[in-house]
Amino acid sequence: MLNRCASAASAALLFCALASVARGSDVNIAVAGPMSGSSAAFGAQMRDGAAAAVEALNASGLFLDTKVILTVADDACDPKQAVAVANKLTTERTRLVVGHFCSSASIPASEIYAEAGIIQVSPGSSNPQLTERGLETVFRICGRDDQQGIVAAEYIHRTFPNDKIAVLDDKSTAGKGIADVVEAQLRRFGEQVIRQSYVAGEKDYRALVSRMKKERVRVAYIGGYHTEIGLFIRQASEARADLMVMANDPLMTSEFWAITGNAGNGTLFTFMPDPARNANAAGVVAELKASNLSAEGYTLYAYAAVQAWAEAVNRTGSFNAVRVASALRSRPTDTVIGPVRFDRKGDNAAPGFLVYRWRDGRVETVEQN
């Protein structure tokens, strides 16, 4: 558990804008995502971030005699399980869902939350369709793939002139969605692109690697998740394929390097600005490390989702989802990831995307955009 004295001190800073609101009963919120399966690393990040934020909020006393209770729900990044999770949470008078992670899970679940009057804030679902449907209580605190994909395509076009390019995807909502953006933008630049798909969960990519070698592909952009991308890179290295790989945000996890080892050196990917490196997050990062928890990836994005919701509750003096949603859109909120400003669709207007690179087991910033 986090040190409560330290948490209380952090809460005084992180929730300083909140006014005390008396409620007099427990309030249920949840974090929902892949707590099992190949994307469980991201579920763990979300769980740890939300739990740390809830502990800080309760220790601060800002809700007076009201205690926030956090439920952890596993959807395994499966749409059917996500719908089952969402239906269950609606029966538990849940006020906030921090989640889901995979866009294929968030999108169907969001319909249920919107109908039930539950605030949903996703730390990691980047497919544009999550917020393009006009659902009043649905938000995302991460960036969008139509931003991320353009950053990746521009970097590839500028950095690898005259190289043969392939765009791959895992047929998932997120993977195919961002690969479509990258391909379309590269074609606008006049690039000739080879397009190929694989099925998420595959283990053997030797045939795909062989095709890349035969076609003399120099740059492969992959839209998907870290496990499959890591296996592809490792097998490409074993086959001595001269490939530069660039991918999307799920590569921001140490599990990627655990899969690739040195074969992952030089792998490029896009992600939002890393909040663990800014002053706003220093206290929370220290507390997480003291508890042997990581602040990587989506941990602080989940923390910020709880913060933004808590401030909106205090400003409205209500847990009513419509009022809280209106407050979330009304003005920026200071959080551990910096100011969060939700637009009318529910997107965070603040995050851009940077280009990062794996180097000797560490992530380094290549280019800020």
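## Aromatic pairs and the nonpolar core

Phe256 is buried, and so is Trp358 (buried means under 20% relative accessible area, with a 1.4 Å probe and protein chains only). This is a predicted model, in which local features need pLDDT of at least 70 and side-chain atom pairs count only at pLDDT 80 or more, while totals for chains, interfaces and linings use all residues. Residues are numbered from 1 along each chain as its sequence is written, and side-chain values use heavy atoms, leaving out hydrogens and water.

**Aromatic pairs**

- The whole structure holds 16 aromatic pairs (ring centres within 6.5 Å, using the six-membered ring of Trp; planes under 30 degrees apart are stacked, over 60 edge-to-face, the rest tilted).
- Phe256 and Trp358 make a tilted pair, at 5.8 Å centre to centre and 35 degrees between the planes.
- Phe256 sits in helix H9 (residues 254-260) and Trp358 in strand E13 (residues 354-359), so their pair ties together parts 102 residues apart in sequence (helices are DSSP runs of H or I with at least four residues, strands runs of E with at least two, numbered from the N terminus).
- Phe271 and Tyr298 pair edge-to-face, with ring centres 5.2 Å apart and planes at 70 degrees.
- Phe271 is buried at a relative accessible area of 0%, and Tyr298 is buried at 0% too.

**Nonpolar core**

- Among the 117 residues of the largest nonpolar core, Ile119, Ile141, Ile229, Phe232 and Trp309 touch the most other members (a core is a set of buried Ala, Val, Leu, Ile, Met, Phe, Trp, Tyr and Cys residues joined through side-chain atoms within 4.5 Å).
- Helix H11 (residues 299-316) gives the most to this core, with 12 residues.

Conventions:
Buried means under 20% relative accessible area, exposed over 50%, partly exposed in between (1.4 Å probe, protein chains only).
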